[in-house]
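Have the structure open as you read.

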Amino acid sequence: MREWRGVMGFMRSRLLLVDGDPRSLRVLEVNLRAAGFEVESAGSGPEAWTILQSAVPDLIITDADLAGFDGYELCARVRRTPVGAAVPLILMSADKTVDQRIRGLQVGADEFLAKPAFVKEVIDRARALLQRRDRDRLAPGAEERRRPEG
């Protein structure tokens, strides 16, 4: 995975943004970049999966409603991979029912946001998930917890 250095030499977090609606994708992409993230975008489940085969992002934000296979399937596929198990994942959906929220959590989403989502909330939740991931990595005993048993 390539490194990307932003302002003052700090590494920028790399996000994969997946949304089947080109307008929503563009609005989020522009705002996430303005917030300091490096963003790679995809418009379908298969396109996102192809991107993930070549580089693992720091965070994935995906809509549930995608062509090819949906965001729930994308989450499940990511979680079944050894490196994808640790990648923070935000799932967004226009379907705000409790059943869909539970389904999102069951397939491995860390956060579930109802669409249309406030851009500031998406940015703040992305930052919070990345901070939590970094804090967990630095916690005493983190290395031992990440090692597979056996």
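## Helix α1

Let's start with helix α1, which covers residues 22–34. Its 13 residues reach 18 Å from first C-alpha to last, close to the 18 Å expected at 1.5 Å a residue; the expected span is 1.5 Å times one less than the number of residues. Helices (H or I, at least four residues) and strands (E, at least two) are DSSP runs numbered from the N terminus.

This is a predicted model, where local features need pLDDT of at least 70, side-chain atom pairs count only at pLDDT 80 or more, and totals for chains, interfaces and linings use all residues. Residues are numbered from 1 along each chain as its sequence is written, and side-chain values use heavy atoms, with hydrogens and water left out.

Leu25, Leu28, Glu29 and Leu32 of α1 are buried (under 20% relative accessible area; exposed is over 50%, partly exposed in between, with a 1.4 Å probe and protein chains only). They lie on the same side of α1 because they cover an arc of only 105 degrees around the axis, taken from the directions from the helix axis to the C-beta atoms. On the other side, Arg23 and Ala34 are exposed.

The buried residues of α1 pack against β1, β2 (38–42), β3 (59–63), β4 and α5 (119–138). After α1 comes Gly36, with a positive phi near 105 degrees.

## The nonpolar cores

The largest nonpolar core has 19 residues, and Leu16, Val18, Ile60, Leu74 and Leu91 touch the most other members. Such a core is a set of buried Ala, Val, Leu, Ile, Met, Phe, Trp, Tyr and Cys residues joined through side-chain atoms within 4.5 Å. The largest share, four residues, comes from α3.

Conventions:
Contact means heavy atoms within 4.5 Å.
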